[in-house]
Amino acid sequence: MLGLAIGDALGATVEFMTPREIGAQYGVHDRIRGGGWLRLAAGAVTDDTTMTLALAEAWLAAAGPPSAEACALAFDGWMRSKPVDIGNTVRRGIVRWRLTGSTEAPPSSDAGNGATMRCLPVALAGFGGDPDAIGHAALVQARVTHHNPLTDAATLCVVGMVQAALAGDSQQQVLTRAQALATLLPAFGFAGSRCDNPSGYIVDTMRAVFQAMERSLGFEAVLIDIVNRGGDADTTGAIAGMVMGALAGENALPERWLTALHPAVREECRKSATRLIQLAPGWPAEG
Ligand code: MN
Ligand code: MN
């Protein structure tokens with residue numbers, strides 16, 4: 001959760017910039033400095049983190065996988081809190097729920113990354129649980145706003161990567177899940193030309209994250225690699241951050257980034273992640 005927040009806070013500064021623009025303005029962007037098109041304070045986070053925390057609250061309130069209705073309620077409450085930004089597909093999905101009460105978006109060609117960016121509570125609270133139940137929970141929360149096979153596949157893949165990391169896999173082993181996704185759905189293939197300026201289209205988002213994880217090693221290097229690609233940098237940063245954070249563990253996160261996070265965000269992330277993992281079937285009850 002802290003890794004996600006760091007990626008979001010770091011990437012938000014350069015969201016919608018090209019690598020060339022980032023280079024001209026910052027050289028290598030590697031400090032949590034705020035700014036960006038949202039004019040954030042240094043250490044502030046965006047929808048990627050706050051929507052994840054809202055979904056986490058729904059899990060904690062249900063002490064297990066929340067119903068689609070509970071997910072929709074959580075997202076609605078989040079939108080009412082006037083988040084600093086909100087994706088188009090997310091907004092459309094929440095408005096549809098408000099107007100019709102339907103908790104599932106109709107199948108759509110719109111494969112945005114908003115359902116994937118917020119999937120972390122499923123990975124944490126579901127750790128060690130039945131894979132079918134975890135997959136179901138991942139898609140229940142996704143479908144409130146997103147209904148596309150590419151978004152579904154990426155969301156399941158990210159949940160699996162986080163859980164593999166928690167189980168002790170190495171970065172290289174976690175990356176085999178990206179390769180498996182690319183074998184199943186070749187659009188996600190990430191060999192070959194460099195994916196810069198990734199859009200909010202989940203395929204672009206994930207290809208950039210996979211490339212950063214393949215070409216750089218460790219939390220800090222991967223996060224710097226991914227955000228300097230620009231584009232939807234807060235969201236690629238958030239997704240890379242949750243996977244790399246699960247690999248690293250809190251103690252291996254760069255101190256300068258941890259301390260740069262807004263203290264209230266840092267504390268909420270710690271508290272939320274701790275309570276979620278305590279719900280997990282794979283979490284030892286004692287010791
Ligand atoms: Mn954002
Ligand atoms: Mn974004």
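Student: Donors are N, O and S atoms within 2.8 Å of the metal (3.2 Å for Na, K and Ca), and water is not among the atoms, so sites may look incomplete. Going by that, which residues coordinate the manganese ion (ligand 2)?

Tutor: E15 (OE), D232 (OD), D234 (OD) and T235 (OG1) do, at 2.0 to 2.5 Å. Before we go on, this is a predicted model, where local features need pLDDT of at least 70, side-chain atom pairs count only at pLDDT 80 or more, and totals for chains, interfaces and linings use all residues. Residues are numbered from 1 along each chain as its sequence is written, chains are lettered from A and ligands numbered from 1 in the order in which they are written, and side-chain values use heavy atoms, with hydrogens and water left out.

Student: Ok. How are the donor residues of ligand 2 spaced in sequence?

Tutor: The pattern for the manganese ion (ligand 2) is E-x216-D-x1-D-T. E15 sits in the loop between helix 1 (2–12) and helix 2, while D234 is in helix 13, so this pair ties together parts that are 219 residues apart in sequence. Helices here are DSSP runs (H or I, at least four residues; strands are E, at least two), numbered from the N terminus.

Student: And E15 and D234, buried or exposed?

Tutor: Both E15 and D234 are buried. The cut-offs are under 20% relative accessible area for buried, over 50% for exposed, and partly exposed in between, using a 1.4 Å probe and protein chains only. D234 comes out at 0%.

Student: How far apart are the two manganese ions, ligand 1 and ligand 2, and what coordinates both?

Tutor: They are 3.6 Å apart, and D234 coordinates both.

Student: What does the D48 side chain have a polar contact with?

Tutor: T235, at 2.6 Å between side chains. A polar contact is a pair of N or O atoms within 3.5 Å; within protein, one must be able to donate a hydrogen and the other to accept it, and residues adjacent in sequence count only if both atoms are side-chain atoms. D48 belongs to helix 3. Leaving aside neighbours within four places in sequence, D48 is in contact (heavy atoms within 4.5 Å) with residues including L4, D8 and M117.

Student: D8 then, where does it sit?

Tutor: D8 is in helix 1. D8 is buried and has no salt bridge, with the nearest opposite charge, R118, 13 Å away. The D8 side chain makes a 2.7 Å polar contact with that of T46.

Student: Switching topic: how many aromatic pairs are there?

Tutor: The count is 3. F16 and W37 have ring centres 5.5 Å apart and planes at 50°, so that pair is tilted. Rings of Phe, Tyr and Trp (its six-membered ring) pair if their centres lie within 6.5 Å, with planes under 30 degrees apart stacked, over 60 edge-to-face and the rest tilted. F16 is in the loop between helix 1 and helix 2, and W37 in the loop between helix 2 and helix 3, 21 residues apart.

Student: Last one, what is the phi of R39?

Tutor: Positive, about 50°, although R39 is not a glycine. Most residues other than glycine have a negative phi. R39 is in the loop between helix 2 and helix 3, and counts as exposed at 74% relative accessibility. A63 likewise has a positive phi of about 50°; A63 is in the loop between helix 3 and helix 4 (68–80) and is exposed at 56%.

How values were computed
Lys, Arg positive; Asp, Glu negative; His and termini not counted. Salt bridge = Lys/Arg side-chain N within 4 Å of Asp/Glu carboxyl O.
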